[in-house]
Amino acid sequence: MTAPENPAAPFLRVENLAAHFPVERGFVIRRRVGLVRAVDGVSFDLRKGEILGLVGESGCGKSTLGRALLQLIRPTAGAVILQGRHLTALRGALLREARADFQMIFQDPYASLNPRMTVFDALSEAIQAHRPVPNSELPARVTALLAKVGLPPRAQRGYPHEFSGGQRQRLAIARALAVEPQLIVADEPVSALDVSIQAQIINLLARVSREMRLTLIFISHDLSVVKYISDRIAVMYLGRIVEIGPAGGVFEHPLHPYTKALISAIPIPDPRREALRSRILLAGDPPSPLQPPPGCPFHPRCAYAVDRCSQIVPALEPQADPGHAAACIRAREINTA
Amino acid sequence: MMPESNVQTIRRIEAEPGASFWRDAWRRLRKNKLALFGLAVVVVLSALCFLEPLLCRYVIGYTYEQQDLALGPVPPCRAHWLGTDPLGRDLLARLLYGGRISLMVGLLGTAVSLTIGVIYGAVSGFVGGNLDALLMRAVDILYALPFTIFVILLMVFFGQDIRLLFVAIGAIEWLTMARIVRGQVMSLKQQEFIEAARALGLRPSRILLRHIIPNLLGPIIVYATLTVPEVILLESFLSFLGLGVQPPQSSWGVLIKEGAEMMEEYPWLLTYPALVMALTLFSLNFLGDGFRDALDVRASKD
């Protein structure tokens with residue numbers, strides 16, 4: 001099933017991906033009154049086994065990007081190429097078969113499990129969906145999956161409502177792993193959980209990704225969550241990636257003014273250093289994706305904005321550090337000063 | 001990572017009674033006295049009606065069509081517990097026989113409407129788009145047809161056949177079922193677990209059968225329970241107009257019609273069938289309400 005790995009081509013390549021949604025009015029005669037550009041020209045590459053943290057404010061299009069990557073929302077334009085295979089070109093049965101290679105973990109573990117299916121049934125269904133095994137092997141396989149996510153074998157008899165939020169998210173992870181995918185998109189997998197449980201789930205995801213050489217795209221609005229797990233971090237603003245780079249690089253010296261503001265907003269768990277922390281306060285709200293501002297979408301809130309910023313749409317350009325790119329025409333200027 | 005704490009939580013959860021959804025629902029239903037009363041009445045009455053041939057032979061001693069013209073109408077007495085009609089037929093035997101027909105019409109009519117309605121509504125809601133619009137406009141048009149005229153036409157063209165009655169009633173009752181199911185499917189379709197099933201690469205037919213329909217069982221059961229009395233009432237209405245069941249067969253509707261014609265002279269001919277039918281309809285409605293409360297997902301969260 002797996003295409004041979006071509007060392008030249010990246011494991012996952014995303015080219016100019018866009019997901020636009022027309023806004024329509026009218027009852028019988030529908031007319032388009034606007035266009036929401038939820039994802040607007042996103043490109044990046046991922047290596048096999050890499051963990052990408054995708055961060056941004058709510059409404060910036062990060063969840064839509066995750067779903068568009070996995071073809072749960074069909075992209076308006078652009079390409080998603082997984083191991084040389086154009087997912088965006090697949091339809092119907094071909095696409096269903098291809099789903100063996102990529103899975104999703106959803107935000108709300110209370111909604112992502114069928115309330116009428118026992119854990120055993122749900123995991124069996126996922127196992128049998130792509131790489132069927134004889135029914136006699138199912139109990140052993142289900143038990144092994146549960147063990148992998150830290151749940152006891154007896155959990156398989158239960159229904160979702162018998163489990164806590166953290167346990168359910170473990171079940172959702174087990175279901176995604178049951179398919180034996182190579183790529184997992186986790187859409188805010190911990191934001192619906194208690195803080196005390198979050199670390200457990202993040203550790204679990206990091207461990208299974210490492211063990212199974214999974215490529216993981218971890219979507220979150222919480223930078224401190226992403227920091228732990230990611231090899232690389234991509235920052236989204238209004239449907240675009242404004243900065244992408246190695247996790248350490250993005251945290252230690254962020255290049256884009258938006259990233260700088262985000263990172264300055266992370267509280268430091270040390271009262272003395274926290275008191276000295278300087279924060280960059282962003283003025284105003286994120287603009288509506290229905291009417292994005294001209295030029296750089298961030299310029300109305302940017303402390304460094306100049307006239308040119310409202311005229312030129314900045315491209316994601318490589319910066320001085322290797323592998324670090326930012327979409328800001330003044331990136332070099334403001335970061336050398 | 002603390003697997004030990006997970007083991008403990010699971011053990012604690014398993015110790016609680018009512019692990020499954022249906023056991024929870026049954027526990028809630030048992031607390032509802034009115035629904036339990038309804039259930040008991042429905043079970044006892046159905047048992048009596050369906051055992052009617054045996055009861056007539058060994059307990060009552062008369063069949064529903066056995067006439068005794070010399071006897072004529074007598075009020076309830078030792079030999080005829082509920083009295084007889086002008087042809088000397090035992091009312092109790094006729095009531096039980098009529099109940100059999102009425103309940104059967106109720107169950108079969110509901111089954112017909114359920115089958116058509118669930119399939120139609122589920123497909124419409126699941127596929128969506130233009131097909132959904134088309135199917136639902138068809139329902140709107142059928143809704144607009146006057147039911148009585150439709151049935152009269154059917155009876156005139158195809159003759160009076162009890163099987164036709166099922167078809168006629170089923171053909172009307174499924175419309176509401178289809179609308180209810182469609183609405184439920186549309187809201188279920190937005191749930192993340194359906195998206196998760198799509199992400200797994202399951203076929204749409206499997207998603208519909210394994211993930212959507214099982215989650216519709218609650219509303220379907222409730223609506224079906226409430227449809228049975230409605231269908232029984234419809235059959236009675238048709239029989240009352242002389243369009244339904246034909247003599248010497250009887251149904252509750254036929255008995256009530258006959259009783260109403262003679263209610264001044266022989267009041268027992270109206271009283272008993274009306275009482276039994278009212279009791280049945282009340283019981284089925286109580287039971288339906290009980291099911292609705294017991295299967296309510298919102299209630300199961302606390």
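Which residue forms a salt bridge with A:Arg131? The views below come from a predicted model, and the first of them gives the reply.

**View 1. A:Arg131 and A:Glu180 form a salt bridge.** The partner of A:Arg131 is A:Glu180. Their closest N and O atoms are 3.7 Å apart. The pair links distant parts of the chain, 49 residues apart. A:Arg131 sits in the loop between α3 and α4 (138–148) of chain A. A:Glu180 sits in the loop between α5 and β7 (183–187) of chain A. A:Arg131 counts as partly exposed because its relative accessibility is 24%. A:Glu180 also has a value in the partly exposed class, at 38%.

**View 2. A:Glu50 and A:Arg232 form a salt bridge.** Here the closest N and O atoms are 2.8 Å apart. A:Glu50 belongs to the loop between β2 and β3 (51–55) of chain A, and A:Arg232 to strand β9 (residues 232–237) of chain A, so the contact ties together parts that are 182 residues apart in sequence. Is A:Glu50 buried or exposed? A:Glu50 has 3% relative accessibility, so this residue counts as buried. A:Arg232 has 18% relative accessibility. Buried means under 20%, so A:Arg232 is buried as well.

**View 3. B:Arg179 and B:Asp140 form a salt bridge in chain B.** The closest N and O atoms of this pair are 2.4 Å apart. B:Arg179 lies in helix α8 (residues 162–189) of chain B, and B:Asp140 in helix α6 (residues 129–144) of chain B. The pair therefore ties together parts that are 39 residues apart in sequence. B:Arg179 is partly exposed, with 35% relative accessibility. B:Asp140 is partly exposed too, with 28%. Over all chains, a search of the whole structure finds 16 salt bridges.

**View 4. Chain A meets chain B.** How many residues of chain A are in contact with chain B? The count is 39 residues of chain A, against 33 residues of chain B. The size of an interface is often given as the accessible area lost when the parts come together. Between chain A and chain B, about 3,300 Å² is buried. Carbon and sulfur atoms give 53% of that area. Across the interface, 12 residue pairs are in polar contact, with both residues at pLDDT 80 or more. Four elements of chain A each supply at least two residues of the side that touches chain B: β6 (102–105), α3 (119–130), α5 (165–178) and α6 (195–211). The largest share, five residues, comes from α3(A). By class, this side of chain A has 16 nonpolar, 10 polar and 13 charged residues.

**View 5. Salt bridges cross from chain A to chain B.** Three salt bridges are counted between the two chains. One of them joins A:Arg67 and B:Glu192. The closest N and O atoms of A:Arg67 and B:Glu192 are 3.7 Å apart.

**View 6. Four strands of chain A form an open sheet.** The strand order is β2-β1-β4-β5, and the pairing is antiparallel. Which strands lie at the edges? They are β2 (31–46) and β5 (85–86) of chain A, each pairing on one side only. Two bridges join β4 (residues 77–82) of chain A to β5(A). At this pairing, A:Ile81 stands opposite A:His86 in β5(A).

**View 7. A:Asn16 has a positive phi.** Its phi is about 50 degrees, although A:Asn16 is not a glycine. A:Asn16 lies in strand β1 (residues 12–25) of chain A. A:Asn16 counts as exposed because its relative accessibility is 53%.

**View 8. A:Gln71 also has a positive phi.** Here phi is about 65 degrees, and A:Gln71 is not a glycine. A:Gln71 is found in the loop between α1 (62–69) and β4 of chain A. Is A:Gln71 buried or exposed? A:Gln71 is buried, with a relative accessible area of 2%.

Terms used
Residues are numbered from 1 along each chain as its sequence is written. Chains are lettered from A and ligands numbered from 1 in the order in which they are written. This is a predicted model: local features need pLDDT of at least 70, side-chain atom pairs count only at pLDDT 80 or more; totals for chains, interfaces and linings use all residues. Side-chain values use heavy atoms; hydrogens and water are left out. Contact means heavy atoms within 4.5 Å. Buried area is the accessible area (1.4 Å probe) that two parts lose on being put together, summed over both. A salt bridge is a side-chain nitrogen of Lys or Arg within 4 Å of a carboxyl oxygen of Asp or Glu. A polar contact is a pair of N or O atoms within 3.5 Å; within protein, one must be able to donate a hydrogen and the other to accept it, and residues adjacent in sequence count only if both atoms are side-chain atoms. Ala, Val, Leu, Ile, Met, Phe, Trp, Tyr, Cys and Pro count as nonpolar, Asp, Glu, Lys and Arg as charged, and the others, Gly among them, as polar. Two strands pair if DSSP finds at least two bridges between them. Buried means under 20% relative accessible area, exposed over 50%, partly exposed in between (1.4 Å probe, protein chains only).
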